[in-house]
Amino acid sequence: MGGRQPPLDLLGPDEQVIRVLAFVLLLGVLTGCSGGDDDKPQVSPTTATPTSHGKPATAAPRPRTGQCYRLSYDDALAPTATRKPVSCTRDHTGRTFYVGRLSTVVDGHLLAVDSRRVRAQVASECPRRFASYVGGSTEQRRLSMLATAWFSPTLQQSDRGQSWFRCDLIALAGPGRLASLTGGLKKVLDSSRGRERWARCATGKPGTKGSEHVLCSRDDAWHAVSTIEVKAGRKGAWPGEAAAKSAGDRCEDEVQAVAADPLSFSWGYEWPTRRQWNAGQHYGICWAPKGN
């Protein structure tokens, strides 16, 4: 038995960066890209530039790939970062996998570091780098609890010549909670063991009261099995709840294909809400109970 359930309006990898996704999407279009830095830190020297008073001021050090941070959930949603790096051998929830340079000059005009165009650059580049860094297919990334957060200089740092942006890897433990990052994470979703380690589960039947998306553990009742693309409305707009819901017709077949007993199994489907759609999640999730 099975069926469709109303969507959970919880913060998952697609929504944790809602601060910027008003104009760019995140995991819904995570496709691989060439390039990307590895875990080895790259040192960049501190620079000194004149201030508006004509006195030299030392700019904040540029972030380095491979640095680790103890980020809170709220930290991951902030546009700028204030946490100092910690040793990666200690407990941490953020790991910098890429540091790039902002394009702040357009047609000879200098754009503010917090301008829409500059922020959009970071909000599209970090998800692409994330896809290349963690590996796996688009669906495997969607079914994991791994995500990316990004940061740019403060206005004061920008005034002092900083023009970097930083992409961090994070993992959601559950709604409003980040998980500790452990082990090697580059191309982690290329292996079945890595996909199992960071897989998405639910504490109860998806869509029911009290059910939460969490990192999988022995006690979790439901597992995310696959995703279903939801066809957009006119000009890429939200297609409406009925269309998003009906896209899940294929879920029964998806779950049956992996069920221990294809003649007796349960399944569930969560479709994206309008808010999730606007944040970039243009797919629903098919679920199966543990031991199905």
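A disulfide is a pair of cysteine sulfur atoms within 2.5 Å.

## Basis of the report

This is a predicted model, in which local features need pLDDT of at least 70 and side-chain atom pairs count only at pLDDT 80 or more, while totals for chains, interfaces and linings use all residues. Residues are numbered from 1 along each chain as its sequence is written, and side-chain values use heavy atoms, with hydrogens and water left out.

## Disulfides

The structure holds four disulfides. When the bonded cysteines of the chain are numbered in sequence order, they pair as 1-2, 3-4, 5-6, 7-8.

One of the four links Cys-251 to Cys-286, with a sulfur-to-sulfur distance of 1.9 Å. The angle about its S-S bond is -90 degrees, and the link of Cys-251 and Cys-286 is left-handed. Cys-251 lies in helix 7 (residues 251–256) and Cys-286 in strand 15 (residues 283–289), so this pair ties together parts that are 35 residues apart in sequence. Helices (H or I, at least four residues) and strands (E, at least two) are DSSP runs, numbered from the N terminus. Both Cys-251 and Cys-286 are buried; buried means under 20% relative accessible area, exposed means over 50%, and partly exposed lies in between (1.4 Å probe, protein chains only).

In the disulfide of Cys-126 and Cys-167, the sulfur atoms are 2.0 Å apart. The torsion about this S-S bond is about -75 degrees, so the disulfide is left-handed. Cys-126 belongs to helix 2 (residues 116–134) and Cys-167 to strand 9, so the pair ties together parts that are 41 residues apart in sequence. Cys-126 and Cys-167 are buried.

Cys-201 is joined to Cys-216 by a disulfide with an S to S distance of 1.9 Å, and the link is right-handed, with 95 degrees about the S-S bond. Cys-201 lies in strand 11 (residues 200–202) and Cys-216 in the loop between strand 12 (213–215) and strand 13 (222–229), so the pair ties together parts that are 15 residues apart in sequence. Cys-201 is buried, at a relative accessible area of 0%, whereas Cys-216 is partly exposed, at 21%.

## Aromatic pairs

There are four aromatic pairs in the structure. Rings of Phe, Tyr and Trp (its six-membered ring) pair if their centres lie within 6.5 Å; planes under 30 degrees apart count as stacked, over 60 as edge-to-face and the rest as tilted. The ring centres of Tyr-98 and Phe-165 are 5.9 Å apart and the planes stand at 50 degrees, so this pair is tilted. Tyr-98 lies in strand 5 (residues 94–101) and Phe-165 in strand 9 (residues 164–174), so the pair ties together parts that are 67 residues apart in sequence. Tyr-98 and Phe-165 are buried.

Tyr-269 and Trp-271 form a tilted pair, at 6.1 Å centre to centre with 40 degrees between the planes. Tyr-269 and Trp-271 are buried.

## Charges over rings

A charge sits over a ring if NZ of Lys or CZ of Arg is within 6 Å of the ring centre and within 35 degrees of the ring normal. The charged end of Arg-166 sits over the ring of Tyr-69, 3.7 Å from its centre. For Arg-197, the charged end sits over the ring of Trp-198, 4.0 Å from its centre.

## Positive phi at lysine

Lys-187 is not a glycine, yet has a positive phi of about 60 degrees. Lys-187 lies in the loop between strand 10 (177–178) and helix 5 (192–197) and is partly exposed, at 37% relative accessibility.

Lys-235, also not a glycine, has a positive phi of about 55 degrees. Lys-235 lies in the loop between strand 13 and helix 6 (241–246) and is exposed, with a relative accessible area of 84%.
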